[in-house]
Amino acid sequence: MTNGDTWRERATRDAVLAGDTGAWRLWFDTHFERLSAYVQWRCGGLRDLADDVLQETWLTAVRRLSAFDPAKGSFFNWLCGIASNTARNAIRTRQRANLRIRPLTPKDDVPSADASNATEKAERVASALTELPDHYEAVLRAKYFDQQTVEQIAKARGESLKAVESLLSRARQAFRDAYEKFNV
Amino acid sequence: MSDSNDELEDLLAPKPARDTPGVRDEILRRTERLLIWNKWLQRAWKAAAVTAVFALGIGVGFWRSGEREKVVFVPVQQTVPQPVPQTQVVVVPVVVPVAIGSSEPVLPAVSLTAGQLEVKAELADDAKTAGTFYRQAGDKYLSEEQDYANAARCYGLFLARGGDTALSLEPGDSWLLTSLKNAAYKEKVNAKATDG
């Protein structure tokens, strides 16, 4: 992020804090689509969960806007941080709720082949991402969601290719372990 | 490993965008409403803070001013009103001894003007009485009219009629008379020295 971006985001933040809804709408329009895509990826494609997380993320952003410091990172990255935490809380709540549901008969315990399999897979992906440390989640996001190459990730993070490949390898393994853990 | 990575690619690939209709507008509406609410809340906080500071100032001022009025209960004794004593003035004649045959001239008790005293001095039979009147006229000129020329003239006539005894200084002499006496004395001494 350049200095110009930092100053622009700082000016927008101050305008929004002063109650300028026009500035807020501009910010919202700029980042909504990308954040929506990230939240869907983060929630494993679960649409209802993604909608809840997305709404809660924007509301939290408005409430805590005074804490946003453009010098520490871009507004989108800040939103992603909020979305990540919100998704983590929402998925854990969803897991607890799933555990409380007990099928009435053994026959009901068998999910239907088509929809429930995809949903279960999405829930496992979302839960596995929740279990990952932040730096693992960040490198997986850069690789699979942003579709960046290893070179681009290394440049963005200021690390060597070897270090990023190693980090990516460990992140993948951690994800696989977590994904298998939720294969109940 | 390759299959595993392919599976991972599949699991972590970006999901196709499927926006729920109305979600975007609903979120925008709710965030804008929250933003406006926050703005008014901030204003309310500021107004409340100003009001609190104002009230605190008034409270401190009232507290620091102390008691302005205090009700004190004083036991009142019921007394019977006493008649006020009336003062009566009684004229009592008093016999005052009067010196007869005194050598000092009896001066009139009433206050005369300097001019009247001067006339009395002119009309006086002997030099001593005339000198006394001149001196009183001089005093009057000096103290009441601040007429220094006439005062000096009257004092001069007093000294001319009083002789050597008039040159002696007395406690009741005015500053002008004292000065004239000193001058007359020096003149007299000086004249004697020149003659001798």
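What percentage of the 184 residues in chain A do buried residues make up? The share is 43%, where buried means under 20% relative accessible area, exposed means over 50%, and partly exposed lies in between (1.4 Å probe, protein chains only). This is a predicted model, in which local features need pLDDT of at least 70 and side-chain atom pairs count only at pLDDT 80 or more, whereas totals for chains, interfaces and linings use all residues. Residues are numbered from 1 along each chain as its sequence is written, chains are lettered from A and ligands numbered from 1 in the order in which they are written, and side-chain values use heavy atoms, with hydrogens and water left out.

Chain A has eight helices and zero strands; helices (H or I, at least four residues) and strands (E, at least two) are DSSP runs, numbered from the N terminus. Of the contacts in chain A between residues at least 6 apart in sequence, 70% join residues at least 24 apart, a contact being heavy atoms within 4.5 Å. A:H31 belongs to helix 2 (residues 21-42) of chain A. With a relative accessible area of 11%, A:H31 is buried. Leaving aside residues up to four places away in sequence, A:H31 touches A:E9, A:W58, A:F75, A:F76 and A:L79.

Chain B contains six helices and zero strands. Buried residues make up 20% of its 196 residues. In chain B, residues 24 or more positions apart account for 39% of the contacts with a separation of 6 or more. The mean pLDDT of chain B is 82, and 84% of its residues reach 70 or more; pLDDT is the predictor's confidence in each residue, from 0 to 100. Where pLDDT is low, the predicted coordinates should not be read in detail. For the complex, the predictor gives an ipTM of 0.77 and a pTM of 0.56.

The interface comes next. In it, 32 residues of chain B are in contact with 36 residues of chain A. The two chains bury about 3,200 Å² between them, with 61% of it on carbon and sulfur atoms; buried area is the accessible area (1.4 Å probe) that two parts lose on being put together, summed over both. The rule finds three salt bridges across the interface of chain B and chain A, each requiring a side-chain nitrogen of Lys or Arg within 4 Å of a carboxyl oxygen of Asp or Glu. The side chains of A:D29 and B:R24 form a salt bridge at 2.7 Å, N to O. On the side of chain B that touches chain A, the elements giving two or more residues are helix 1 (2-12) and helix 2 (23-64) of chain B. Helix 2 of chain B supplies the largest share of that side, 14 residues.

A:Q147, in the loop between helix 6 (134-145) and helix 7 (150-157) of chain A, has a positive phi near 60°. A:Q147 is exposed, with a relative accessible area of 53%. In chain B, B:Q146 has a positive phi near 50° and lies in the loop between helix 4 (127-143) and helix 5 (148-162). B:Q146 is partly exposed, its relative accessible area being 44%.
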